[in-house]
Amino acid sequence: MSADLPSIRVLAIAGSLRKGSLNKALVRVAIQVAPPGVIVEEFMELGAIPLFNEDIEKQPPEAVRALKARVAAADALLIATPEYNNSIPGVLKNAIDWASRPYGDNSFEDKPVAIMGAGASLGGVRAQLSLRQVFVYLDMHALNKPQVLVANAKTRVDASGEFSDPAIRDSVRQLLVALDVWTRRLKNR
Ligand SMILES: Cc1cc2nc3c(=O)[nH]c(=O)nc-3n(C[C@H](O)[C@H](O)[C@H](O)COP(=O)(O)O)c2cc1C
């Protein structure tokens with residue numbers, strides 16, 4: 001990034017409410033390893049988002065208004081998704097559904113987005129593919145590569161539940177470097 005360009009703001013959302021979430025740990029890595037010119041801020045209020053109800057989508061609850069405002073203010077999104085039953089966790093999909101509504105006020109439209117994930121076995125590859133499909137409908141610009149899939153993630157955190165493995169940290173840093181380039185390219189089109 002050239003020194004005279006303003007930083008990009010990336011809103012990171014981990015799709016898990018679990019205190020010891022591996023995906024929250026991955027977001028903490030992103031905050032720590034973000035390259036110069038990239039500011040990663042975590043959305044920590046996912047648990048306050050109620051279940052979606054189309055009857056009230058035009059007068060959404062305060063927690064949803066706050067989410068939509070945070071998404072609108074971000075230059076790009078970073079999603080850390082677990083895999084639940086081969087797909088996206090309900091809490092994450094629910095928040096996405098809220099922020100995409102009402103029709104004509106999709107907060108995600110035209111936003112660049114990068115995906116990463118930590119999970120059991122394969123690291124959530126099927127959840128990432130499901131999420132990409134959702135992002136097509138939302139008219140987002142999903143970064144293709146690098147792919148960040150932390151497989152067998154439980155065995156890869158240290159005693160304090162953090163990812164200190166340099167290989168994992170570097171893969172997240174590379175994702176943010178690519179997201180930075182992608183976001184600036186889309187801004188300049
Ligand atoms: C309801 C449920 C369904 C799950 N389904 C899958 C799955 O389909 N594939 C997989 O690899 N892991 C699956 N897991 C394991 C999660 O990947 C693992 O619990 C992961 O650590 C969750 O993310 P978190 O640590 O950020 O909460 C499932 C876990 C739960 C609770």
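The buried residues of α2 pack against β1 (8-14), β3 (76-80) and α3 (90-99). Here helices (H or I, at least four residues) and strands (E, at least two) are DSSP runs, numbered from the N terminus, and packing rests on contacts, in which the C-beta atoms of two residues, placed from the backbone, lie within 7 Å. Please keep in mind that this is a predicted model: local features need pLDDT of at least 70, side-chain atom pairs count only at pLDDT 80 or more, and totals for chains, interfaces and linings use all residues. Residues are numbered from 1 along each chain as its sequence is written.

Which residues of α2 are buried? They are Val64, Leu67 and Val71. These residues cover an arc of only 60° around the axis, so they sit on the same side of α2; the arc is that of the directions from the helix axis to the C-beta atoms. Turn to the other side of α2 and you will find Glu62, Arg65, Ala69 and Ala73 exposed. A residue counts as buried if 20 or more other C-beta atoms lie within 10 Å of its own, as exposed if 12 or fewer do, and as partly exposed in between, with C-beta atoms placed from the backbone. Helix α2 itself (residues 62-73) has twelve residues and reaches 16 Å from its first C-alpha to its last, close to the expected 16 Å, a span given by 1.5 Å times one less than the number of residues.

Now follow the packing to α3. Its buried residues are Leu92, Ala95, Ile96, Trp98 and Ala99. They cover an arc of only 160° around the axis, which puts them on the same side of α3. These buried residues of α3 pack against α2 and also against α4 (125-137).

Stepping back, the protein has five helices and six strands, and along the sequence they follow the pattern β-α-β-α-β-α-β-α-β-β-α. Of its 189 residues, 39% count as buried. Among contacts between residues at least 6 apart in sequence, 81% join residues at least 24 apart.

Finally, have a look at the ligand. It is surrounded by 15 residues, the closest being Ser16, Ser21, Asn23, Pro82 and Gly119; a residue is near the ligand if its C-beta atom, placed from the backbone, lies within 6 Å of it.
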